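My notes follow, in the sequence I made them.

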Amino acid sequence: MNPPRHFALIPAAGVGARMGSGSPKQYVPIAGKPMLLHVLDTFAASPIITHTFVVVSAEDGHIRQMMAGAPHLAERVTIIFNGGATRHGSVLKGLRVLSDHADADDWVLVHDAARPGLTTELIERLTDTLRDDTVGGLLALPMIDTLKRGGDDRRVQATVPRSGLWAAQTPQMFRYRLLRRAMEQVDDVTDESSAIEALGLHPKLVEGSPRNFKVTLPQDVPLAELYLKGLA
Ligand code: CTP
Ligand code: MG
């Protein structure tokens, strides 16, 4: 039997409402390069990754120009013009296209376009740790701050014990058949792990990195630039 391959799937069909920039946030330049291009270059630089699929919205007016400026990615990346109304919908549409390419036991690494701080070392840590895992898993970071639950009046209702709590990152990596089945069965989830958990399974938590944070608000851009310039 052939060893399983590793495919990357990048949902990039969001509008970036919280970023509020002129273009969808995946095209916002960070250290001179669109966020999405940082992500594609990192996956293309990883010898573990066979191919990368990107899901953009059918109306996307930026991706063609971005890819035209990155001819080195032509053989490594496929664009799918069929985003969904939610991240879950976009990933599902990508998974359906992947049925023509991936075998049941191949791995799929789903990664947000809005996490440009991913490195090939983090990809390797994830794939190495999960090599023989029967479920799969995700990059995540243990919580550091003391956690408070706030009420509608913005007053503390409780202190939530932090022990055992992790913040989920991406990539989230599962076998194609399992991930497809899990994602087809849930209505909407904010990450792939939640869909796998709904099957009663327990994805593995693999330590990620602060640099792999999700760029969400305008003030996140300078911090992402520090990481990508190697200054933080
Ligand atoms: N995403 C997607 N399809 C959607 C919504 C989101 O593919 N309908 C993608 C985004 O492009 C991003 C990732 O899912 O790469 C994580 O989503 P998020 O950070 O929430 O991005 P946006 O939804 O674009 O931002 P916002 O929620 O502020 O509008
Ligand atoms: Mg969103």
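I began with patches: these are made of residues with over 30% relative accessible area and no salt bridge, where like charges are joined within 9 Å and nonpolar side chains (Val, Leu, Ile, Met, Phe, Trp, Tyr) within 5 Å. Accessible areas come from the Shrake-Rupley method with a 1.4 Å probe, and for residues only the protein chains shown count as cover. A salt bridge here is a side-chain nitrogen of Lys or Arg within 4 Å of a carboxyl oxygen of Asp or Glu.

Ground rules, for the record: this is a predicted model, where local features need pLDDT of at least 70, side-chain atom pairs count only at pLDDT 80 or more, and totals for chains, interfaces and linings use all residues. Residues are numbered from 1 along each chain as its sequence is written, and side-chain values use heavy atoms, with hydrogens and water left out.

**Entry: surface.** I found a nonpolar surface patch of about 270 Å², made by Leu223, Leu226 and Leu231. Leu223 belongs to helix H7 (residues 220–228); helices (H or I, at least four residues) and strands (E, at least two) are DSSP runs, numbered from the N terminus. I noted Leu223 as partly exposed at 37% relative accessible area, since buried means under 20%, exposed over 50%, and partly exposed in between.

Entry: Is Leu40 buried or exposed? Leu40 is buried, at 0%, and sits in helix H1 (residues 35–45). Beyond its neighbours within four places in sequence, I see Leu40 in contact (heavy atoms within 4.5 Å) with residues including Ile10, Val54 and Met66. Val91, in helix H3 (residues 87–98), is buried too, at 1%. Leaving aside neighbours within four places, its contacts are Leu9, Pro11, Val110, Met183 and Glu192.

**Entry: sheet.** Seven strands form an open, mixed sheet, ordered S5-S4-S1-S6-S10-S7-S11; two strands pair if DSSP finds at least two bridges between them. Strands S5 (77–81) and S11 (204–207) each have a single partner, so one side of each is left without a neighbour in the sheet. S1 (residues 6–11) and S4 (residues 49–56) run parallel, joined by six bridges, and Phe7 stands opposite His51 in S4.

Note on methods
Chains are lettered from A and ligands numbered from 1 in the order in which they are written. Buried means under 20% relative accessible area, exposed over 50%, partly exposed in between (1.4 Å probe, protein chains only).
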